[in-house]
Amino acid sequence: MTVCVASRVACSRTLRRLRGEPLEQRLCLSAVRIVSWNTANAPNSPTEDAYFSTVFEAIGDEVVVGNSMPPSIIALQETDNAELGGNSIARIETLLESLYPQKDFGRAVTTLDSGDDATGFVYDTGIFDLVSTSVVAQTPGMQAFAHRIMRGQFRPIGSDGQSDFYLYTTHLKAGSSGGNASRRTAEANAIRLDIDSLGDHQDVIVMGDFNISGSSEGAYQNFLRSGTGQLFDPIDTPGQWKNDPRYIDIHTQNPAINGAGGMDDRYDFQLASAAVFDDEGLQYIDGSYRAFGNDGTHTFNSDITTGSGASPGVLSALAAASDHLPVVVDYEIDVVVPGIYVNTGGSDLRLTEGGDSVTYEVSLRTVPDADVQVTIATDGQTQVNGSGQVVLTFTPGDALVPQTVSIGALENSESGGTAVSRITHSAVSSDLTYQSVDEVSLSVRIDDNDAASVVISEVMYNPAGDEPDGEWIEIANLGPGAVDLSGWQLDDEDPTDWSPIPDVSPLPPGQVAILHNDAVDSADFRDRWSIPPEAMVIGLTWGSLSNSPTATNESLELLDATGAVQDIVPYDDDGSSWPMDNNASSIYLSDVRLDNSIGDHWLISNLGVDQARHPSGSPLSPLDVGSPGFAPGLQIDPPRVVETRVAGQRVIEGSRSVVRSLTVVFDRIVSVQPGAIQILRDGIEDLQEASVELAISARDVIDHTEITLTFSGNLSDATGSLIDGRYRLRIDASMVTSGGIALDGDNDERPGGDYRFGEVASDRFFRLFGDRDGDQDVDQFDLRHLGGLLATQSFDEAFDADDDGDLDRFDLAELRRRL
């Protein structure tokens, strides 16, 4: 289910996956625009209404990072309610509904403070519910807040509460004296304590008019100090912002001189918790933070109208509307909806009848209010946890903890090739959100273990020339592995016996062997029939094939070295079900995977059909017709690569900061020859293309092979990670085999074709130290993350450049070098 409810929105990022959820199970609200503005107790007249209407319309029309949309939430400072008859917040709500008549806005506002000011929110009720509001309490011993700080708990429409986020509309004490700065410090501390009380991993934005002159102020430091409610500045621009032209493009006060100074302060901004940068819930959109109307082109410490950050009309409206600019930031909302999560590890599940079981995991996507029972049922071809049906119970306490399910395929005696079993997952609960969740189906492929490995595929029992010299029998190996035919033997009910097959090389899967009368030299036999070199030609002391077979006098058997019957063909020539003999042509199985005991599955050889031809001459008759060496339907499914993982010895989806290994996963057990795998680094500047020195570790995991590559030499650093650059993996298909069948590296369903990884950008096979989010650059997001780790003395292996087990200035310097 994908529901987009924000209008005129182009998502700026691809929604990232969390815990492996497919996108269909998430509620995509796309981008939303959140505005913070000290409106100086306006608007309160038709003239002021016009200014504000112009500004809000321009905010909605502005295209930033591909997004254009009306404001979704406006956090207001120095607004007023109806207590003294002004009610500017209500006028703003009305203005927005006039600009966007298809929308319905709501509002929440505090009571007036001692300066007759209020704070509040105006919000789009079609996108959010305002679940609760509260006013931040002062802490013991602190002087009362200069202005009331409102906290709002917002919930995306259609979500169940687990994607709620918290906004604080904030107005701290003004003034440059030490006493005023101390009051701001205490006010910021009280807000931090309130944020801390919300608990870990909450999406929180604190915004408004902070009256802070620079990042060294105690108030700003209180917001950014480590701990549960630690906040981060999205643009991460520390400094003494006040009256410094280096920060001209982030100043917000005052857009008009009017006797009160011009644009020289960054009093207004938005701060966000770490959870707003973790790719779940409410998410900051990189590059969307701006002081609206300020592009840094205006005259420093002068009117905003001297710049070009908006149209002249909009800049004039900004200068007239308030003594502060709005701060506008776009966010993305990615909401996980209730449902059942089935995790197979990213691989298709495949079983063999009566063989080993495989496992997968089941959990819930959200935390329910009551127990949820998930019923897993099969279609009779498989069992889950040893039964045809099992019920898993998830409580609110363990809903997100995966439970392991084991699947096995039931044995049967029928030969049916590959089958598909469907396993369903459905939920029941007293929690209303889980009473209508979608059923989740899982398909499992089952390989038949009853089909014969080697079958009789063609019989020349009545050639036109001399008999039995011209007689021969073709057998085909259907796989999955090679078969040693040494000691195998043909037999029928006649007293004349064939000699056992001598010691020969194993017959690879997907290949045939032609057994012929050794009265004819095997090389001559191959030459006369133009048999391909990969087919085996084996001469035997010949037995006797009847020229007039019936259901009772000719039943051709193929016995293995132990005497066990591997195949039986009771061929006939009655012309009703079996082909009618014509004293020249062989009979052949129309598809080697069909039941060869049924006459309707056999055809008479006709020249030019299915590779049928004449032999070229003596000692064979040129009138004979057959296709030795070619068996319809014999092609074997070759091995393939199913996954390539760029690891780096950590589990952060998308990170390419450290790449210490690469793992290649095959779909079955394979044999890999030395030299089969190569990794090349693309040439960059004065460096030529070069090969990476590899250490290869292979292991067989139940039914498939996984190969892990680690790195050394001058293309790796002292920690074993690849150095910065782009890389390509190449696997020589001819040197990776399963049962003698070469790798299908290019996925054309045929053996051969090298496997290549890293030649297209989507493979993302590169290393760039510091690139935690894998977006192929090192930017402020990565720097902020490392800064937060350093501040909290936390550790993240992706940023440990020297692999010394801690994060320090050396690691920071390595990251900054790549900015």
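In strand β20, A409 is the bridge partner of T382, strands being DSSP runs (E, at least two residues) numbered from the N terminus. This is a predicted model, in which local features need pLDDT of at least 70 and side-chain atom pairs count only at pLDDT 80 or more, while totals for chains, interfaces and linings use all residues. Residues are numbered from 1 along each chain as its sequence is written, and side-chain values use heavy atoms, with hydrogens and water left out.

β18 and β20 (residues 403-409) run antiparallel and are joined by three bridges; two strands pair if DSSP finds at least two bridges between them. Both belong to an open sheet of four strands, ordered β14-β16-β20-β18 with antiparallel pairing. Because β14 (340-343) and β18 (382-384) stand at the edges with a single partner strand each, one side of each is left without a neighbour in the sheet.

## S657 in its loop

S657 is found in the loop between β32 (641-646) and β33 (662-666), and it counts as buried because its relative accessibility is 0%, where buried means under 20% relative accessible area (1.4 Å probe, protein chains only). A polar atom of the S657 side chain lies 2.7 Å from the backbone nitrogen of G770.

Note on methods. Buried < 20%, exposed > 50% of the residue type's maximum accessible area, 1.4 Å probe, protein only. Polar contact = N/O pair within 3.5 Å; in protein donor to acceptor, adjacent residues only side chain to side chain.
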